[in-house]
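Please read them with the structure open beside you.

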Amino acid sequence: MLAGKHILLIVGGGIAAFKALDLVRRLREREAQVTPVLTKAGVEFVTPLSLSALSAAKVYQDLFNLTDEAEMGHIELSRAADLIVVAPATADLMAKMAGGLANDLASTLLLATDKRVLIAPSMNVRMWDHPATGRNLATLKSDGVLVVGPNEGDMACGEYGPGRMAEVPEIIDAIASALADGPLKGRHILVTSGPTHEPIDPVRYIANRSSGAQGTAIAGALAGLGADVTFVTGPADVPPPAGVNVVNVQTARQMLEAVQAARAADAAVFAAAVADWHVTNAGDSKIKKDGSGLPTLEFAENPDILATVSEMKEGRPKLVVGFAAETDDVIAHATAKRVRKGCDWIVANDVSPETGIMGGSENAVTLISDAGADSWPRMTKDQVARQLAQRIAEAMT
Ligand code: CTP
């Protein structure tokens with residue numbers, strides 16, 4: 001899958017730079033061509049000689065090196081790549097990218113490219129948790145930059161938390177999905193997934209039984225057909241698929257905001273089990289059993305994300321796909337829901353407890369469109385996802 005692909009690898013100055021050496025080896029084993037770019041800070045962690053020996057290529061370091069420019073100008077360097085990978089992506093590199101700075105070779109390449117960019121962030125936990133990094137990450141994601149990791153664990157600085165660079169096999173998987181060729185290449189598809197959590201107080205919330213498995217499988221299948229996927233997910237039981245742009249949210253209102261902040265999409269699949277209501281009198285502090293009686297919760301309806309997108313006057317995705325989780329009169333309810341919400345297709349399923357579908361690994365769905373109702377046999381959620389992705393690809397071409 002990676003054979004013959006050209007990867008421009010930008011190695012930033014972080015302790016995880018040593019993993020970049022292994023990344024180069026593993027990419028070469030898969031017959032990818034790697035051109036390394038080493039930042040000034042990166043040189044403090046790995047030597048140009050090691051990178052060049054492992055990649056069997058010249059290592060580029062300097063924006064104003066006339067010999068380098070004569071061999072391959074910096075603009076050409078980014079144009080020649082199939083994918084740009086930044087590993088490790090330090091807080092500084094992310095800030096430069098988000099701000100559009102171009103004051104060294106790495107940042108200039110990143111600004112001058114129209115190719116896809118995948119970053120593997122790596123930094124101290126407090127730098128990762130800092131609101132500035134959070135803002136930069138959100139900007140990069142909405143610019144379409146792919147992100148793998150970081151993972152949570154022990155850090156070189158002796159602390160524990162999120163900020164460790166993703167492991168090499170995870171980065172390779174993300175690279176493979178980003179480079180996946182297929183009928184959906186060049187298409188941006190938005191997928192919502194998982195349950196939402198609606199707070200009652202700082203420690204309690206209202207949720208539902210959705211595991212996020214079906215939405216996750218759909219996002220993975222779409223990426224596998226080459227789509228650029230923005231994956232907006234509530235707190236799911238399963239990890240997100242590789243090679244998609246993950247946006248984590250908790251509540252329905254945050255999910256709507258994330259969907260509206262995403263780049264214009266060619267298609268959108270709303271697989272999330274969005275809570276219908278949120279608690280309007282949610283407490284800022286924990287509700288206590290203080291003898292004053294039982295608490296009374298007041299509710300307001302959540303925004304309908306699917307209906308909001310379906311009704312968009314400008315920039316509406318060409319294909320909007322909703323789900324209808326029903327427990328009785330599945331097809332009739334789903335058909336009515338499709339009209340009510342204004343979406344193009346509805347994937348209906350029976351989620352009565354005896355089906356074991358909610359939270360299980362299988363699904364039995366009916367695809368309802370203008371063409372009528374098409375019932376698929378019971379199959380795994382992965383198979384449903386692949387079949388749906390295939391149908392979406394056919395509809396988009
Ligand atoms: N949906 C949404 N936003 C909401 C509620 C639902 O985007 N606030 C989407 C779901 O992601 C799904 C579809 O709408 O694609 C149908 O969800 P479902 O829960 O079956 O429908 P409801 O609107 O909740 O209808 P009802 O409770 O009457 O069955």
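**Notes on the predicted model**

1. Ala273 sits in the loop that links strand S13 (267-270) to strand S14 (277-279); helices (H or I, at least four residues) and strands (E, at least two) are DSSP runs, numbered from the N terminus. Setting aside neighbours within four places in sequence, Ala273 is in contact with Gly194, Pro195, Thr196, Asn208 and Ser210, where contact means heavy atoms within 4.5 Å. Ala273 and Ala16 are 257 residues apart in sequence, and their C-alpha atoms are 38 Å apart in space.

2. A word on the ground rules. Residues are numbered from 1 along each chain as its sequence is written, and side-chain values use heavy atoms, with hydrogens and water left out. The model is predicted, so to speak of local features requires pLDDT of at least 70, side-chain atom pairs count only at pLDDT 80 or more, and totals for chains, interfaces and linings use all residues.

3. Now the ligand. Which residues come nearest to the ligand? Of the 15 residues around it, they are Phe270, Ala272, Phe323, Lys337 and Lys341; a residue is near a molecule or strand if one of its heavy atoms lies within 4 Å of it. By class, the shell holds 9 nonpolar, 1 polar and 5 charged residues. Here Ala, Val, Leu, Ile, Met, Phe, Trp, Tyr, Cys and Pro count as nonpolar, Asp, Glu, Lys and Arg as charged, and the others, Gly among them, as polar.

4. A backbone N or O atom of Phe270 is 2.6 Å from an oxygen atom of the ligand, and a polar backbone atom of Leu306 lies 2.8 Å from a ligand oxygen. Lys337 takes part through its side chain, with a polar atom 2.6 Å from an oxygen atom of the ligand. Taken alone, the ligand exposes 570 Å², and the protein buries 79% of that; accessible areas come from the Shrake-Rupley method with a 1.4 Å probe, and for residues only the protein chains shown count as cover.

5. Which elements supply at least two residues each of the shell around the ligand? They are helix H12 (305-310), strand S16 (319-326) and helix H13 (330-341). S16 gives the largest share, 4 residues.

6. S16 also belongs to an open sheet of 8 strands with mixed pairing, in the order S12-S11-S8-S13-S16-S17-S19-S20; two strands pair if DSSP finds at least two bridges between them. Strand S12 (245-248) and S20 are the edge strands, each pairing on one side only. From one strand to the next the twist averages 15°.

7. Within this sheet, strand S8 (residues 188-193) runs parallel to S13, joined by 4 bridges, and Ile189 has Ala267 in S13 as its bridge partner. Strand S19 (residues 365-369) and strand S20 (residues 372-375) are antiparallel over 4 bridges. They form a hairpin with 2 residues between them, and Ser369 stands opposite Gly372 in S20.

8. Another open sheet has 5 strands in the order S2-S1-S3-S4-S5, with parallel pairing. Strand S2 (33-38) and strand S5 (146-147) form its edges, each pairing on one side only. Strand S1 (residues 6-11) pairs with S2 over 6 bridges, and Ile10 has Val37 in S2 as bridge partner. Helix H1 (residues 17-29) lies across S1, S2 and strand S3 (83-89), at about 170° to S1; axes are lines fitted to C-alpha atoms, for helices over the stretch in contact, and angles run from 0 to 180 degrees between N-to-C directions.

9. Finally, some backbone geometry to check. Most residues other than glycine have a negative phi, and most peptide bonds are trans. Glu31, in the loop between H1 and S2, has a positive phi of about 65° although it is not a glycine. The Ala87 to Pro88 peptide bond is cis, with omega near -5°, and Pro88 lies in strand S3. The bond from Gly149 to Pro150 is cis too, with omega near 0°; Pro150 is in the loop between S5 and strand S6 (151-154).

Definitions and conventions: Polar contact = N/O pair within 3.5 Å; in protein donor to acceptor, adjacent residues only side chain to side chain.
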